[in-house]
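Subject: Structure handover

Hello,

Here is the structure I said I would pass on. My notes on it follow below.

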Amino acid sequence: MNDMTRYVRYMMTACLIIALAAVVSAAAPAPEYTTTYTITVMDDGGALWQVEYRTPLESDSDVAGFEEYTRDLPGIYLPQVQDLMQRSAAQASVAASRPMKIGNLSGDAVVQMSPTGKYGVVVYSFAWDGFAERTGTGLAIGDAFAGGLYLAKDSTLILRIPEGYTVASTEPASDQQRDSLIWYGQRSFAAGEPRVILEKDNTIPVIPIAAGIIALILVIAGFVVFRRWRAGFTEDDAKEPLPALSAEEEKSVEDRIVRFLTANGGEQFQSDIVRLLGLPRSTVSASLNSLHQKGIIVKVRKGRENLIRLKEN
């Protein structure tokens, strides 16, 4: 099997995982092929899907194979994916007993350069109408995954909830929960999973009160600034610029980050490093760049965040 045939096989396997929402085993992509599924749920129960499929291009033959795939994407692979997705939505519609439809499907393939090397990136995007079931007080997500779902190693599922909703329950529990629910592979979801129940926030009575408080704070703040201006200085005059870190202090921050990563399984999101160590974002960013240049850590892009990993010796 040549490089191009192998790549196409992995690519179509990834599409089948999404399109049929079925549990697979030996047919899953090899570990060096990573997939990120990002599902943005809408207030009306629809969802916007984005599937990013990423593979390293380590040789000239890898690059040539990816370029050939890119040329064939509009005429061959995109119609195939569209057919698979439409049939998948039709089957899920029957299982869930409500209308579902796929629309606005698009695909793009680009070569990206990063500090860790060259990658071929394929992104499929589409809208899934009727993805979530509207309930009396919110949304229920899961019955569209009629056959379950499989996440291969180094694959990620990101479920973004609509504004104004809170998560009432999740089955199985997500690996991370901030503004999104995140699951990491390798794992298999049962039929109808992940199952997520969202409840609409009841914020109507609070809005007028909150608006009044905010307005009062702004008036007081404006009065204070005016008084200080009249006195001959502003807020900026009262602040001293932050001193630059010395070489010893920079080394201390790097050591703290390495110890923190070691104590937490060798990897953490950059935002969690900032939050849990209580350091300024700029300080952490500069120290991570230094550690990366020294070959101590690697940065792995996960959705919109950087996952920081200690490099294996």
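What percentage of the 313 residues in the protein chain do buried residues make up? Buried residues come to 39% of the 313, where buried means under 20% relative accessible area, calculated with a 1.4 Å probe on protein chains only.

Please keep in mind that this is a predicted model, in which local features need pLDDT of at least 70 and side-chain atom pairs count only at pLDDT 80 or more, while totals for chains, interfaces and linings use all residues. Residues are numbered from 1 along each chain as its sequence is written, and side-chain values use heavy atoms, leaving out hydrogens and water.

The protein chain has six helices and 16 strands. These are DSSP runs numbered from the N terminus, with at least four residues of H or I for a helix and at least two of E for a strand.

Strand β1

Six of the eight residues of β1 (residues 34-41) are buried, so this strand is largely enclosed by the rest of the structure. β1 is joined to β2 (residues 47-56) by eight bridges, and the two run antiparallel; strands count as paired if DSSP finds at least two bridges between them. In that pairing, threonine 36 is opposite glutamate 52. The hairpin of β1 and β2 has five residues between the strands, and glycine 45 takes a positive phi near 95° there. With β8 (residues 156-160), β1 forms five bridges and runs parallel. Here isoleucine 39 faces leucine 159.

The sheet of β14, β15 and β16

Three strands form an open sheet in the order β14-β16-β15, with antiparallel pairing. β14 (267-269) and β15 (297-302) each have a single partner strand, so one side of each is left without a neighbour in the sheet. β14 is held to β16 (residues 305-310) by three bridges, and glutamine 268 is opposite isoleucine 308.

Helices α5 and α6

α5 (residues 270-277) and α6 (residues 281-293) pack at about 125°, with axes 10 Å apart. Axes are lines fitted to C-alpha atoms, for helices over the stretch in contact, and angles run from 0 to 180 degrees between N-to-C directions. The two helices are therefore oblique to each other, since under 35 degrees counts as roughly parallel, over 145 as roughly antiparallel, 65 to 115 as roughly perpendicular and the rest as oblique. The contact (heavy atoms within 4.5 Å) is made by Gln270, Ile273 and Val274 of α5 and Arg281, Val284, Ser285 and Leu288 of α6.

Regards

Note on methods: Buried < 20%, exposed > 50% of the residue type's maximum accessible area, 1.4 Å probe, protein only.
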